[in-house]
Amino acid sequence: MLRYIFEPGFFASGPVHVALAVGTVVAVTSAVVGVFTVIRGQSFAGHALGDIATTGGSGAFLVGVNQFWGYLAFGAGAAAFMEMIGVQRRRGRDVATGVVLGAGLGLAALFLYLGTQYSSTTGASFTILFGSMFVITSSTIPALIISALLALATVVVLGRVLLLSSLSPDIAAARGVPVRAVGAAFLMALAVSVALSAVIIGSVLSTALLIGPAATALRVTKGPVRAMAVAAGIGVAATWLGIVLAYDSFYWPPARRGWPVSFFVVTLIVGCYLVSYLRPRRERQDSTREAPDTEQVCSPA
Amino acid sequence: MTADLLRLDEVAVRLGGREILNDVSFTIAAGEFTGLIGPNGAGKTTLLRVILGLQPVTRGSVLMDGAPRAARDASIGYVPQKLVIEPDMPLRVRDVVSLGVDGHKFGIRLPSRARRELVDDMLTAVGAQRYANARVGELSGGEQQRVMIAHALISRPRLLLLDEPLANLDISSEQGIVSVLARLARAERIAVLLSAHDMNPLMPVMDRIVYVAAGRVAVGRTDEVVQPDVLSRLYGQHVDVIRVHGRILVVAAPQDTTGRDEVEGIDDAGPREGASVVR
C-alpha cells in the first residue's frame with residue numbers, strides 16, 4: 001500500500017530530505033507569524049511584502065546571489081518603509097503600498113527579463129515567482145533555519161504584547177507598552193517569514209502559506225495558542241503532502257517531468273480553508289436574547 | 001496634604017493651536033465615584049488621556065499619590081471608548097481578562113491554576129462568568145463592557161478610568177454596568193472616574209461630578225454643580241437645569257441665530273461656544 005503513496009526512492013532522495021526539513025521549519029514559522037498577521041489585520045501588508053520580495057529575488061538572481069538574500073533584503077527594506085510612512089493610517093497605507101507595489105513588480109519584470117537574457121535559464125524566473133523546495137541550495141539551509149528561528153522567537157516573545165495592542169493600542173500604551181516599536185518588530189518578523197515562505201513556494205504565493213493555515217485555524221479554534229498549534233499543523237501537513245505528491249507527479253502526464261510542488265501546497269491549504277466553511281460555526285446559546293445592542297455598538301456613534 | 005489619590009493642577013492642553021483643556025483642577029480620593037460629565041467634544045476623552053499619560057499637557061501637573069505618574073503604572077485601570085472587537089478576533093473572554101494581568105509583559109506565560117481562578121473570580125465579580133469561554137467579539141456591547149471592566153480591574157488598580165462606557169447600551173445593560181462599578185468602588189475602595197454625556201444613569205451612585213464644557217470644568221457634589229448659575233458660567237451662556245420625571249436635563253436658552261433649544265441627554269449636544277472661566 002505505502003509503495004503507491006511513496007514512489008521508489010522518496011526516502012533516499014537528498015532533495016526530498018532538504019525539502020522536508022526546510023519546509024517544516026518554514027511552515028511552522030509562517031503559521032505562527034500568520035496567526036498574528038490575521039489578528040492584527042495585516043494580511044495585505046504580508047501580501048505586499050511578498051510582491052516586493054519578488055523584486056528582491058529577481059534582482060538577486062540578476063547579480064548572481066542566492067534569491068533568499070534578495071527576498072530578505074527587499075522585504076526588510078519594504079517593512080521599514082511601510083513602518084515609516086505609517087501603516088497605522090489606513091488610507092495613506094493603501095495608497096503608498098499600491099504605488100510601491102507597482103514600482104516593485106515593474107522592476108521585477110525588468111530583472112527577470114535581463115536575468116534570463118544573460119543566463120538563458122527560464123527555470124529561474126519560475127523558481128523566484130513560484131518557488132521550488134527541490135532546488136534549495138544546501139549552503140543557504142543554515143541561514144534559512146536561523147532566520148526562521150529568529151522570526152519565531154520574536155513573535156513568541158512579543159506574543160502577549162501583540163495581542164494586547166491588537167485589542168486596544170490605547171490600553172497597551174497606557175500600560176507602558178512601546179506600541180510602535182512592537183509593531184515595527186512584528187513587521188520585521190513578518191518580512192522574514194515572507195522571505196522564507198518565498199523560498200519554498202515562491203514570492204508570489206508566499207502569502208498562501210502565511211495566511212491560509214492561520215485563517216483556517218482561526219475559524220475552527222477560539223483561543224490564540226490553540227490557533228497557532230492548529231495553523232502549524234495545517235501548514236506542516238500541507239507542505240509534507242505537497243512534497244509527496246510533487247515527488248509522485250514525476251510519473252504523471254503530460255510531460256512526466258513532475259508538477260510544481262507549490263501547486264500542491266497551495267491547493268491543499270486553500271482546500272483546508274474551504275473545508276473549514278463546511279463546519280458550522282459554534283453558535284452561542286446563552287446570551288443571544290440579551291444582545292439587542294450589538295448593531296448599535298458596531299455603527300459609528 | 002490631604003490623602004488625594006489623583007490631583008490635577010491647572011492642566012491645559014493645546015492641540016494644533018486649539019485649546020482643548022484650560023485651567024482644569026480637581027482631586028479624586030480613594031473609593032470615590034466621580035462622573036466626568038459634559039457634551040460630546042467638550043474634552044472628556046482628552047482629559048482621561050492626560051491622566052493616563054497618553055496626552056502630554058501644555059501646562060499644569062498630574063499627580064498620583066502626590067508624585068508624577070510613572071510609566072507602566074498598574075495603579076490606573078482603563079476602559080477605552082468605542083472599543084470595536086470584531087467577531088473573528090480569536091480571543092475568548094478569559095483570554096482578554098487574563099491579558100489584564102500581564103498583557104504588557106514580554107515572554108511566554110505557562111497556564112496556571114492560580115491564574116485561572118483569579119480570572120474566574122474577576123469574571124464572577126462583574127457578572128460575566130456565563131460567557132467566560134465565548135469569543136469576546138461575539139458578545140453584545142454591554143457584555144463586552146463587563147469583560148473590559150474585568151480586564152481593567154484584574155491588575156488591582158486604585159483608580160479606574162472609563163470613557164463613555166454607557167454609550168450605545170440599552171437601559172438594562174446600562175443599569176447593570178453602573179451597579180457593578182458602584183459595588184466594586186465601595187467594596188474594593190477603587191476610585192472610579194467615568195465619562196458620560198448623560199449624567200442621569202449615574203445620579204444614584206455619583207459622589208462627585210466633574211462637569212466639562214468648552215475645555216473647562218466645574219467640580220463638586222452633584223447638587224452643587226448641576227445648578228443653572230454654575231453651568232451657565234461654564235458654558236458662557238444661559239442654561240437652565242430642568243428636573244422632570246426624576247431626570248435632569250441641561251437646556252440652553254434659545255440662541256438669537258438659531259432660535260432652537262438644545263437639550264442635553266436628548267440630543268447630547270450642549271452649548272459649546274464662548275465659555276468663560278469658572279471659579
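The model is a predicted one, in which local features need pLDDT of at least 70 and side-chain atom pairs count only at pLDDT 80 or more, while totals for chains, interfaces and linings use all residues. Residues are numbered from 1 along each chain as its sequence is written, and chains are lettered from A and ligands numbered from 1 in the order in which they are written.

Val16(A) belongs to helix α2 of chain A; helices (H or I, at least four residues) and strands (E, at least two) are DSSP runs numbered from the N terminus. Leaving aside residues up to four places away in sequence, Val16(A) touches Phe10(A), Ile243(A) and Tyr247(A), where contact requires C-beta atoms, placed from the backbone, within 7 Å. Between the C-alpha atoms of Val16(A) and Val266(A), 250 residues apart along the chain, the separation is 18 Å.

We turn next to the nonpolar cores. Such a core is a set of buried Ala, Val, Leu, Ile, Met, Phe, Trp, Tyr and Cys residues joined through C-beta atoms within 7 Å. The largest has 167 residues, and Val35(A), Ala195(A), Ala231(A) and Tyr211(B) touch the most other members. Helix α2 (residues 14-39) of chain A gives the largest share of this core, 14 residues. Apart from it lies another core, of seven residues, including Ala60(A), Leu62(A), Leu112(A) and Ile128(A). Beyond four places in sequence, the partners of Tyr211(B) include Ile37(B), Gly38(B), Val217(B) and Leu234(B).

Chain B contains seven helices and 12 strands, and 47% of its 279 residues count as buried. Among contacts in chain B with a separation of 6 or more, 65% join residues 24 or more positions apart. An open sheet is formed by four strands in the order β2-β1-β4-β5 (chain B), with antiparallel pairing; strands pair if DSSP finds at least two bridges between them. Its edge strands, each pairing on one side only, are β2 (18-29) and β5 (67-68) of chain B. Within chain B, β1 (residues 4-15) and β4 (residues 59-64) run antiparallel and are joined by five bridges, and Leu6(B) has Met64(B) as its bridge partner in β4(B). Six bridges link the antiparallel strands β11 (residues 239-244) and β12 (residues 247-252) of chain B. There, Val241(B) stands opposite Val250(B) of β12(B). The hairpin of β11(B) and β12(B) has two residues between the strands, and His245(B) takes a positive phi near 50°.

The contact between the chains takes 40 residues from chain B and 36 residues from chain A. On the chain B side, α2 (93-102) and α4 (141-153) are the elements giving two or more residues, and α2(B) provides the largest share, four residues.

For chain A, mean pLDDT (the predictor's confidence in each residue, from 0 to 100) is 81, and 85% of residues reach 70 or more. Within chain A, helix α7 (residues 141-167) has the highest confidence, at 92, and helix α13 (residues 294-298) the lowest, at a mean of 32. Over residues 284-301 of chain A, pLDDT stays under 50, and the model has 28 contacts beyond four places in sequence for this stretch.

Key:
Two residues are in contact if their C-beta atoms, placed from the backbone, lie within 7 Å. A residue is buried if 20 or more other C-beta atoms lie within 10 Å of its own, exposed if 12 or fewer, and partly exposed in between; C-beta atoms are placed from the backbone.
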